[in-house]
Amino acid sequence: MAIKVILDKCKGCTKCVKSCPFTAITMENKKAVIGAACTGCGQCVDTCPFGAIEKADDGKEAADLSAYHGVWVFAEQRDGKLMQVARELLGEGRKLADAVGCELCAVLCGSEVDGIINDLFEFGADKVYYANAPELKQYTTDAYTKTIYEAITEYKPEIVLLGATHIGRDLGPCLAVRCNTGLTADCTKLEINPETKGIMQTRPAFGGNLMATIVCPNHRPQMSTVRPGVMEKAKREAGRRGEVIELHPTFAEGDIRTKVLEVVKSAKEMVSLTDAEVIVSGGMGLGKAEGFELLKKLADKFGGTIASSRAAVDAGWIDHAYQVGQTGTTVKPKIYFACGISGAIQHAAGMQNSGLIVAINTNENAPIFDIADIGIVGDLYKVIPAIIEEMDKVPQK
């Protein structure tokens, strides 16, 4: 729908200008003019006291929503290994597909990664759309976008889910633009409206101070990127099989505008916070970067890993790869130690679903204690050595 100004009725009061959230309305010769930034939200229509603004048919044919069926999950893989976020999406996708009453499908792109197909079936996929081509061995925006967009155009999925990883955050917007649909980024909750059967996508907004639920009623597919570590992983059902649908992407010269010359992996210790069962995390309460050495000793006792708050990363004490929180990684370990972390809402958003939260802080009023299962008020440099000492007394199996 387009927004139209009825010039004879417009009085030049400028109320529509002030009400427009996109600054798309200007005044020319004391008459309102709708600019290119207009999204058709209709705020100005409701605001105008003279009935001088109305919604009009823009001549575009509405999409046939009934032609779209199925929930698709982008099965992200790297070096032939299925990423954990794909397993999380399959778990959540199964719930959505069952609520809608449709099939759960996985989209796999790569070069000679056939071994992943059976994993996808065993994790719940009913169908696997498989694109096998040398150009897809390494992720490039152009190649993956073209391949998946063509598949979406042909098979018309109703819902498409991607992980909010580096790849997913790049690929998702490109697909959404090609498909002329919306994209809700970094979702932490997905539900199906029982009446409309549309997806309700919930994500943090305004710095995590509120949660916004977003719908896409008029376009398909409905697309979301989902924050890793939030959804429950799909359980493996050994021997489960489904249907493989082969995609046959072709690439002309110029279709792929970038070329991967070399993949250089970081020499730093690789950290996988989303897979860790025990995490020992530190914040500004450590007082110094060397404090993470003590946390690592405790983490090693549990076979876990260390992590940090954003403040510790900003202070230069530890690499961003270890950051937990809204702007870092969302985790859900069995045990989460929060050491010297105040518990700001941005950090809590990334770890509050942990199985057991143990907080150590000198400030008894720190917000972290509001979500902690066990709270210890004290100096972490005394508390942690005491915990390690007690653990050393336990006989090794």
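About 70 Å³ of space lies in the largest cavity of this predicted model, a cavity being a set of points on a 1 Å grid over the protein atoms alone where a 1.4 Å probe fits but cannot get out. Local features need pLDDT of at least 70 and side-chain atom pairs count only at pLDDT 80 or more, whereas totals for chains, interfaces and linings use all residues. Residues are numbered from 1 along each chain as its sequence is written, and side-chain values use heavy atoms, without hydrogens or water.

**Cavities**

- The whole structure holds three cavities of 30 Å³ or more, a volume being the space filled by probe spheres set on grid points joined across faces, edges and corners.
- The largest cavity is lined by 14 residues, where lining residues have an atom within 4 Å of a point; Cys-20, Ile-25, Cys-38, Cys-41 and Cys-44 lie nearest its centre.
- This lining comprises 10 nonpolar, four polar and no charged residues, with Ala, Val, Leu, Ile, Met, Phe, Trp, Tyr, Cys and Pro counted as nonpolar, Asp, Glu, Lys and Arg as charged, and the others, Gly among them, as polar.
- Nine nonpolar residues, two polar and one charged make up the lining of the second largest cavity.

**Nonpolar cores**

- The largest nonpolar core has 34 residues; such a core is a set of buried Ala, Val, Leu, Ile, Met, Phe, Trp, Tyr and Cys residues joined through side-chain atoms within 4.5 Å.
- Val-71, Leu-90, Leu-108, Leu-120, Val-128, Leu-161 and Leu-190 have the most contacts inside this core.
- At least two residues of this core come from each of strand E5 (71-74), H3, E8, H4, E9, strand E10 (159-163) and strand E12 (189-192); helices (H or I, at least four residues) and strands (E, at least two) are DSSP runs numbered from the N terminus.
- H3 supplies the largest share of this core, seven residues.
- Beyond its neighbours within four places in sequence, Leu-161 is in contact (heavy atoms within 4.5 Å) with residues including Val-71, Trp-72, Leu-89, Leu-190 and Ser-224.
- A second, separate core of 25 residues includes Ile-152, Val-160, Cys-179 and Met-223.

**Helix H4**

- Ile-116, Ile-117, Leu-120, Phe-121 and Glu-122 are buried in helix H4 (residues 115-122), buried meaning under 20% relative accessible area, exposed over 50% and partly exposed in between, with a 1.4 Å probe and protein chains only.
- The elements against which these buried residues pack include helix H3 (84-100), strand E8 (104-110), strand E9 (127-132) and strand E16 (243-247).
- Gly-124, which follows H4, has a positive phi near 120 degrees.

**Salt bridges**

- The whole structure contains 21 salt bridges, each a side-chain nitrogen of Lys or Arg within 4 Å of a carboxyl oxygen of Asp or Glu.
- Arg-236 and Asp-119 form a salt bridge with their closest N and O atoms 3.2 Å apart.
- This pair links distant parts of the chain, 117 residues apart: Arg-236 in the loop between strand E15 (222-226) and E16, and Asp-119 in helix H4.
- Arg-236 is partly exposed at 44% relative accessible area, and Asp-119 is partly exposed at 24%.
- Glu-92 pairs with Lys-95 in a salt bridge with closest N and O atoms 3.9 Å apart; because they are three residues apart in helix H3, about one helical turn separates them.
- Glu-92 counts as buried at 8% relative accessibility, whereas Lys-95 counts as partly exposed at 47%.
- A network of salt bridges links Arg-94, Asp-98, Asp-126, Glu-237 and Arg-240.

Technical notes: On a 1 Å grid over the protein atoms alone, a cavity is a set of points where a 1.4 Å probe fits but cannot get out, and a pocket is an open set with protein on both sides within 12 Å along at least five of seven lines; lining residues have an atom within 4 Å of a point.
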